[in-house]
Amino acid sequence: MEIRLERLSGEDAGIALLGLERPAARNALGRQLMAEFRQAVADLHSDTTTRVVVLHSLVSGVFCAGADLKERAEMTQTEAAAFVQGLRAAFTELEDLPMPVVAAMEGAAFGGGLELALCADLRVAGAEAKLGLVETALAIIPGAGGTQRLPRLIGASRAKELIFTARRISAEEAGRLGLVDRVTPAGLALDSAVSLAREILPNGPVALRMAKLAVNRGLDLDRDAGLAFEQACYAQVLPTKDRLEGLAAFREKRQPRYRGE
């Protein structure tokens with residue numbers, strides 16, 4: 001197995017850890033890993049008990065080294081194109097998970113590895129992490145969404161600079177650029193990501209899903225269309241039992257007990 005999906009219990013029930021575990025290839029994105037990854041993401045998509053997903057690596061010193069170039073070298077041009085299309089689809093499936101996703105990055109996150117992290121809603125990096133879209137150094141371009149997601153995150157000119165130069169940047173610089181949301185001491189990215197998930201966990205599950213949908217879809221709409229879409233998402237939370245529970249808890253000065261209903 002190259003993907004490990006673990007659902008936490010007790011007070012952390014509702015948090016799922018989605019782990020990359022291919023130590024021999026530094027979590028390179030090969031056929032087997034991607035097949036298991038897509039199955040895990042499909043399982044999460046239909047899981048109403050999971051409220052937050054934390055994407056991380058179970059291999060020390062690396063988040064994901066990118067595409068498996070040994071496999072790629074043995075592919076025909078047609079096979080390579082189909083495989084990259086599969087990466088693009090798989091990463092979009094991760095991005096489209098209805099619940100918030102937090103990526104915890106330690107070590108290298110290059111090429112497809114960084115493109116994978118860009119599909120998370122939030123990113124936490126250990127201080128020794130190195131990040132980069134390095135594809136132009138291999139005479140290709142980021143093909144799993146990097147040319148689209150990075151500019152939306154940090155702006156077009158900064159994204160172009162990183163892509164054109166194939167530069168590898170530090171976690172500190174990534175934090176300054178807004179590519180990552182939190183920088184932690186080395187080795188503590190997962191702990192910090194889980195802590196962030198714990199902050200999200202008590203909030204209304206339906207509200208979290210609608211908030212994510214409103215932000216993600218609204219980014220591609222003009223203002224008026226975005227406001228209309230927000231209104232449609234708000235309409236989904238109005239009839240929920242959770243909304244009434246939130247009002248009751250506020251009135252009674254207690255913690256709400258949300259059930260995703």
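**Helix α11**

I started with helix α11, residues 241–252: its twelve residues reach 16 Å from the first C-alpha to the last, close to the 16 Å expected at 1.5 Å a residue. The expected span is 1.5 Å times one less than the number of residues. Helices (H or I, at least four residues) and strands (E, at least two) are DSSP runs, numbered from the N terminus.

A note to myself before going on: this is a predicted model, where local features need pLDDT of at least 70, side-chain atom pairs count only at pLDDT 80 or more, and totals for chains, interfaces and linings use all residues. Residues are numbered from 1 along each chain as its sequence is written, and side-chain values use heavy atoms, with hydrogens and water left out.

Next I asked which residues of α11 are buried. They are Asp242, Glu245, Gly246, Ala248 and Ala249; buried means under 20% relative accessible area, exposed over 50%, partly exposed in between (1.4 Å probe, protein chains only). Their cover includes α9.

**The largest pocket**

Of the 32 lining residues, the closest to the centre are Glu95, Asp121, Val215, Asn216 and Leu219. Two or more lining residues come from each of α3 (77–95), β5 (101–105), β7 (122–126), α5 (146–154) and α9 (205–218).

For the terms, I wrote down that a pocket is an open set of points on a 1 Å grid over the protein atoms alone, where a 1.4 Å probe fits, with protein on both sides within 12 Å along at least five of seven lines; lining residues have an atom within 4 Å of a point.

By class I noted 17 nonpolar, four polar and eleven charged residues in the lining. Asp, Glu, Lys and Arg count as charged, and Gly is among the polar ones.

**A four-stranded sheet**

I then traced an open sheet in the order β4-β6-β8-β9, with mixed pairing. Its edge strands, β4 (62–64) and β9 (169–170), each pair on one side only. Strands β8 (residues 130–132) and β9 run antiparallel, joined by two bridges; pairing takes at least two bridges in DSSP. Lysine 130 stands opposite serine 170 in β9.

**Serine 192**

Last, I looked up serine 192, in helix α8 (residues 189–200). Is serine 192 buried or exposed? Serine 192 counts as buried because its relative accessible area is 14%. Beyond its neighbours within four places in sequence, I found serine 192 in contact with Val124, Arg182 and Thr184; contact means heavy atoms within 4.5 Å.
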